[in-house]
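Please keep the sequence and the structure in view while reading.

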Amino acid sequence: MKDLKRVSKKLSFHLRHEPDLLGITLDPQGWVSVDVLLRALAAHGFRLTRAELDEVVANNDKRRFAFDETGTRIRASQGHSVPVDLALPDSVPPAVLYHGTVARFLDSIMREGLNPGSRHAVHLSATTDTAITVGARRGKPVILRVDAAAMHADGHKFQLSANGVWLAQAVPPAYLTFA
Ligand code: HQG
């Protein structure tokens with residue numbers, strides 16, 4: 001079996017950020033046919049069987065990818081920088097959500113709030129453990145507490161991705177405190 005992490009990184013790159021570089025087109029909700037994807041990967045020297053793809057989708061540490069209900073299409077569940085409408089329903093968030101970041105971003109975050117940067121949404125976590133892992137990707141993690149109950153009461157929309165990430169368009173600074 002191919003290295004799962006290597007396959008996951010390759011799929012993330014093309015299904016979230018650079019479909020063009022693989023010669024594939026994502027539909028408006030981010031889906032692409034599994035056959036088309038496997039053929040495009042093979043054409044670029046990255047041979048992957050359907051069974052191997054199934055294993056990556058099933059065993060991926062963050063369940064980053066999902067098949068549609070027919071199993072014929074695949075997409076990344078979140079994290080895109082290409083414009084997609086995941087068509088996720090709005091959901092009522094837990095009263096408190098967390099965001100893991102690092103100290104060097106704090107001045108800007110406390111001034112502007114959390115913004116999605118190059119991604120299509122701000123990623124928020126239901127637990128401090130997950131937020132610590134997210135922040136630790138960039139250095140010593142700093143955990144911010146998001147008053148999601150107040151945001152929701154004030155009309156801000158939240159969606160829950162298929163892999164348990166809470167998504168929001170932005171988090172104004174008034175809803176942020178240190179966890
Ligand atoms: C920061 C990974 C300055 C924000 C993870 C973060 C996650 C600001 C960075 C997922 C800011 C954006 C997403 C502002 C936000 N001023 N900095 N106003 N607002 N930031 O990678 O949340 O492995 O786009 O704090 O595990 O770190 O890819 O977002 O540090 O789930 O599946 O700007 O990516 O998942 O960074 O991570 P990112 P993120 P995967």
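## Terms and basis

Helices (H or I, at least four residues) and strands (E, at least two) are DSSP runs, numbered from the N terminus. Two strands pair if DSSP finds at least two bridges between them. Strands of a sheet pair through backbone hydrogen bonds, either parallel or antiparallel.

The model is predicted: local features need pLDDT of at least 70, side-chain atom pairs count only at pLDDT 80 or more, and totals for chains, interfaces and linings use all residues. Residue numbers start from 1 along each chain, as its sequence is written.

## Overall form

The protein contains 6 helices and 9 strands. Its C-alpha trace spans about 50 × 35 × 25 Å along the principal axes. The radius of gyration, taken over C-alpha atoms, is 17 Å, which agrees with the value near 16 Å that a compact globule of 179 residues would have. The globule rule used here is 2.2 Å times the number of residues to the power 0.38.

Of the 179 residues, 26% count as buried. A residue is buried if 20 or more other C-beta atoms lie within 10 Å of its own, exposed if 12 or fewer, and partly exposed in between, with C-beta atoms placed from the backbone. Contacts are assigned when the C-beta atoms of two residues, placed from the backbone, lie within 7 Å. Among the contacts with a separation of 6 or more, 75% come from residues 24 or more positions apart.

## The sheet around strand 3

Strand 1 (residues 32-33) is joined to strand 3 by 2 bridges, and Ser-33 stands opposite Arg-73. Strand 2 (residues 65-67) is joined to strand 3 by 3 bridges; here Phe-67 stands opposite Ile-74, and Ala-66 opposite Arg-75. Strand 2 and strand 3 form a hairpin with 5 residues between them, and Gly-71 in the turn has a positive phi of about 75°. Both faces of strand 3 are covered: Arg-73 and Arg-75 on one side, and Ile-74 and Ala-76 on the other, are all buried.

Strand 5 pairs with strand 8 (residues 166-168) over 3 bridges in the antiparallel sense. Within this pair, Val-122 stands opposite Ala-168.

## The ligand shell

The ligand is surrounded by 16 residues, and the closest are Thr-101, Phe-105, Ser-108, Glu-112 and His-123. A residue is near a molecule if its C-beta atom, placed from the backbone, lies within 6 Å of it. Helix 4 (residues 106-112) gives the most to this shell, with 3 residues.

By type, the shell divides into 5 nonpolar, 6 polar and 5 charged residues. Ala, Val, Leu, Ile, Met, Phe, Trp, Tyr, Cys and Pro count as nonpolar, Asp, Glu, Lys and Arg as charged, and the others, Gly among them, as polar.

## Selected loop residues

Gln-78 is found in the loop between strand 3 (73-76) and strand 4 (96-102). Gln-78 counts as buried because 25 C-beta neighbours lie inside 10 Å. Not counting residues up to four places away in sequence, Gln-78 touches His-123, Ser-161, Asn-163, Val-165 and Leu-167.

Ala-87 lies in the loop between strand 3 and strand 4. Ala-87 has a phi near 55°, a positive value in a residue other than glycine, and is exposed, with 9 other C-beta atoms within 10 Å. Arg-63, in the loop between helix 3 (50-59) and strand 2, has a positive phi near 45°. With 15 other C-beta atoms within 10 Å, Arg-63 is partly exposed.
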